[in-house]
Amino acid sequence: MQKLNAKQLFEFLCYVKVNVESYGKKLEDVKINYRYDDDSDVRDITIVEEDLFDAEMNRIIESIILKTK
């Protein structure tokens with residue numbers, strides 16, 4: 001399975017935005033959860049941060065991280 005990238009996440013969030021707004025809701029109403037697999041418990045994602053930066057200049061974001069409690 002291919003790793004999720006920022007473009008794919010952004011495109012999915014755009015789809016979610018259109019969906020929820022058609023029912024009078026906002027993205028702020030959509031919670032973000034984490035599950036390791038279909039049988040695991042739900043964990044709340046509480047923050048998104050920069051993770052890794054490029055090795056050459058240490059300025060270009062190469063990954064982000066979603067954190068749980």
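The structure is a predicted model, in which local features need pLDDT of at least 70 and side-chain atom pairs count only at pLDDT 80 or more, while totals for chains, interfaces and linings use all residues. Residues are numbered from 1 along each chain as its sequence is written, and side-chain values use heavy atoms, with hydrogens and water left out.

**The chain as a whole**

- The protein chain contains one helix and three strands, and, read along the sequence, these follow the pattern α-β-β-β.
- The radius of gyration of the protein chain, taken over C-alpha atoms, is 15 Å, well over the 11 Å that the globule rule gives for 69 residues, so the chain is more spread out than a compact globule; the globule rule itself is 2.2 Å times the number of residues to the power 0.38.
- Taken along the principal axes, the box that the C-alpha atoms of the protein chain fill is roughly 45 × 30 × 25 Å.
- Of the 69 residues of the protein chain, 7% count as buried, where buried means under 20% relative accessible area, exposed means over 50%, and partly exposed lies in between (1.4 Å probe, protein chains only).
- The accessible surface of the protein chain comes to about 6700 Å², and 54% of this surface belongs to carbon and sulfur atoms; such areas come from the Shrake-Rupley method with a 1.4 Å probe, and for residues only the protein chains shown count as cover.
- Among the contacts in the protein chain with a separation of 6 or more, 10% are accounted for by residues 24 or more positions apart, a contact being heavy atoms within 4.5 Å.

**Salt bridges**

- Side chains of opposite charge can pair when their charged atoms come close.
- The structure holds four salt bridges, each defined as a side-chain nitrogen of Lys or Arg within 4 Å of a carboxyl oxygen of Asp or Glu.
- One of them joins K17 to E21, with the closest N and O atoms 3.1 Å apart, and both residues lie in helix α1 (residues 6-21), four residues apart, which is about one turn of the helix.
- Both partners of that pair count as partly exposed, K17 at 36% relative accessibility and E21 at 42%.
- Another salt bridge brings together the side chains of D44 and K69 at 3.7 Å, N to O; because D44 lies in strand β2 and K69 in the segment after β3, the pair ties together parts that are 25 residues apart in sequence.
- In this pair D44 counts as partly exposed at 37% relative accessibility, whereas K69 is exposed, with a relative accessible area of 70%.
- A further salt bridge links E49 with K67, the closest N and O atoms being 2.8 Å apart; E49 lies in strand β2 and K67 in strand β3, so this pair ties together parts that are 18 residues apart in sequence.
- E49 is partly exposed, with a relative accessible area of 29%, and K67 also counts as partly exposed, at 34%.

**The nonpolar surface patch**

- I32, V48, F53, I61, I64 and L66 form a nonpolar patch on the surface, and together they have about 520 Å² of accessible area.
- Patches are made of residues with over 30% relative accessible area and no salt bridge, with like charges joined within 9 Å and nonpolar side chains (Val, Leu, Ile, Met, Phe, Trp, Tyr) within 5 Å.
- V48, a member of the patch, is partly exposed with a relative accessible area of 49%.
- F53, which also belongs to the patch, is found in the loop between β2 and β3 and is partly exposed, with a relative accessible area of 32%.
- Not counting residues up to four places away in sequence, F53 touches N58, R59, I60, I61 and E62.

**Two loop residues**

- D37 lies in the loop between β1 (33-34) and β2, and D37 is partly exposed, with a relative accessible area of 36%.
- A polar atom of the D37 side chain lies 2.9 Å from the backbone nitrogen of D39, and a polar atom of that side chain lies 3.0 Å from the backbone nitrogen of S40.
- N58 lies in the loop between β2 and β3 (64-68), where N58 is exposed, with a relative accessible area of 53%.
- Phi of N58 is near 60 degrees, which is a positive value in a residue other than glycine.

Note on methods. Polar contact = N/O pair within 3.5 Å; in protein donor to acceptor, adjacent residues only side chain to side chain.
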